[in-house]
Amino acid sequence: MDPPGAAWRDLIVFRAAPRPRQELWLSIGAFLAVLIVWLIVAESGLVHPQILPSPRAVMAAWWRLFTEAEYISDIGISVARVWAAFLASAVIAIPLGILMSGYRAITALFEPIIDFVRYLPVPALVPLTLIWLGIGEGSKVTLLWIGTFFQLILLIADDARRVPKEFIETGRTLGASDTALMKDVLLRAMLPNMVDSLRITLGWCWTYLIVAEIVASSSGIGYELWTARRYGKSPEVFAGILTIGIIGLASDQAIRFLHRRWFRYLH
Amino acid sequence: MANSSFIRIAQVAKEFTAPDGSIIPVVEPLSIDVQEGEFVVFVGPSGCGKTTVMRMVGGLETTSAGDIYLNGKRVEGPNRDKGMVFQSYSSFPWLTVLGNIRFGLKYRDDISADEKERIARHYLDLVGLTPFADYTINRISGGMRQRVAIARTLAANPLVLLMDEPFGALDALSRERLQIQLMDLRRAERKTVIFVTHDVDEAVLLADRIIVFSARPARVLADIAVSATLPEKRSLDILDIPEFRKIRRDVLALIRNEETRMEAAE
Ligand SMILES: Nc1ncnc2c1ncn2[C@@H]1O[C@H](COP(=O)(O)OP(=O)(O)O)[C@@H](O)[C@H]1O
Ligand SMILES: [Mg+2]
């Protein structure tokens, strides 16, 4: 039996055992601390409300956005754009990344192109997507797709390369064909890492979404954010930023949760 | 084919290219014949090329010269005829114990699904893992993992079982248990086995024949017919009988001599 307080002390011992309960409380505490400092600073009147609106003003702005500006449909459309681009990236990047990891010809063909596009700053491509696809949904989803696909494919290829050679050779000596090997062994072995790669890429999608919605859009969280800025409504700006943060945090935690459930054998 | 050996390694050589482009000869042209049902153990100084020879038999490595024949057919790549058990744990962590053994039968289209299930359970039982059928791999010990790997490979019904230091990472007690179990399995199955080890006791205990390799590049230094002196049915008690000790001493002397020679050359 641990002496009382040992669990808490483990949090500051180098490489101590995990303490999920205490860690959770600490995280919640940090979150609340930021909130409280914000509240104190904003309410004390030390900072101009235009620079730092109070939490109460932000809550009110949220309320206005949801009741008067149909914010829920803005959120809906932003989420839809992110997921459309993310799924389009994943559906192509997963098979192509796996093939890249296994066939040198495919790596040689695609890698220079991928590396080239990967280093282009995505905002620089906005004019191009506008010229090609106009200001409709196509240009925004394409921009997000470009921003994520070329990163994701390399992550996937790396995940596939990290599968132990013994697994592949075991599959072969048990009679698996190349396709069976990729489907039944490689994909299955890399799956946990792949879900992590997808989770990280989903986060990047949100970054590019805001770029796309600010530059060329008349709907979405990014659009509302930028409109609010134009009219100097900083509570609405804060509400927009926090909305993105909350959606990001929630989807990240959801995927982590699924990761723990699906890949119990790792935990 | 003129030669009727089950496995024929005919004038096989292997060289690797080092990163700096120089050629490293790892296996000198060597020939080994293995009869069907024979248990052949490869021993030799570490790094001499035992694994490389075995991997060439398994089709996992190409030969630089010469050919290998299994049951009259030239070895051209890995397939179900050549089952492999690796030293490192190669059981799939996303499957259960039974799931892993079933995987050994996944690509067999010569038998029905019912038959596959029966065979999987048969091998599960044979390696004594029936109580652990539904355990995931990360919950069982190293020794059990190797039993899973052996059962999985046997379930695929290969012509030859290739085992590369399969017990090398186990503690002494688990190793003894697995050695005994392997002897039993082997008597029941009459499989042809090629087994690599650096443990000379293990070699003499298990082998019908021991092949001692020279230091790199590998040549055959000695080919010792263990079954000519030791009984076929063996237990761990055999470690004390004089015939066993003599073979063990001879093999050790050969390997030590090679290692001295190797050190002198450096
Ligand atoms: N893919 C490879 N490329 C270059 N050298 C290799 C490769 N595989 C093995 N070798 C070298 O060949 C030699 C024999 O290796 P191996 O067959 O694994 O020896 P053993 O199993 O007898 O210990 C070693 O010196 C090793 O470094
Ligand atoms: Mg070896």
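1. A polar contact is a pair of N or O atoms within 3.5 Å. The model discussed here is predicted. In it, a polar side-chain atom of B:R216 sits 2.7 Å from an oxygen atom of ligand 1.

2. B:T51 places a polar side-chain atom 2.5 Å from an oxygen atom of the ligand. For B:T52, an N or O atom of the side chain is 2.5 Å from a ligand oxygen. On its own, ligand 1 exposes 560 Å², and the protein buries 63% of that area.

3. Now the shell. The residues surrounding ligand 1 include B:F16, B:V26, B:S46, B:G47, B:C48, B:G49 and B:K50. By class, the shell has 3 nonpolar, 5 polar and 2 charged residues. Helix α1 of chain B, residues 50–57, gives the most to it, with 3 residues.

4. Next, the interface. Chain A brings 18 residues into contact with 24 residues of chain B. About 1,800 Å² is buried between the two chains, and carbon and sulfur atoms give 68% of this. A:T173, A:L174 and A:Y265 supply 38% of the area that chain A buries against chain B, more than any other three residues.

5. Between chain A and chain B there is 1 salt bridge. B:R55 forms a salt bridge with A:E169, with the closest N and O atoms 2.7 Å apart. The chains also have 4 residue pairs in polar contact.

6. On the side of chain A that touches chain B, α8 (165–173) and α9 (178–215) are the elements that give two or more residues. The largest share, 7 residues, comes from α8(A). By class, this side divides into 8 nonpolar, 4 polar and 6 charged residues.

Key:
Residues are numbered from 1 along each chain as its sequence is written. Chains are lettered from A and ligands numbered from 1 in the order in which they are written. This is a predicted model: local features need pLDDT of at least 70, side-chain atom pairs count only at pLDDT 80 or more; totals for chains, interfaces and linings use all residues. Side-chain values use heavy atoms; hydrogens and water are left out. A residue is near a molecule or strand if one of its heavy atoms lies within 4 Å of it. A polar contact is a pair of N or O atoms within 3.5 Å; within protein, one must be able to donate a hydrogen and the other to accept it, and residues adjacent in sequence count only if both atoms are side-chain atoms. Accessible areas come from the Shrake-Rupley method with a 1.4 Å probe; for residues, only the protein chains shown count as cover. Helices (H or I, at least four residues) and strands (E, at least two) are DSSP runs, numbered from the N terminus. Ala, Val, Leu, Ile, Met, Phe, Trp, Tyr, Cys and Pro count as nonpolar, Asp, Glu, Lys and Arg as charged, and the others, Gly among them, as polar. Contact means heavy atoms within 4.5 Å. Buried area is the accessible area (1.4 Å probe) that two parts lose on being put together, summed over both. A salt bridge is a side-chain nitrogen of Lys or Arg within 4 Å of a carboxyl oxygen of Asp or Glu.
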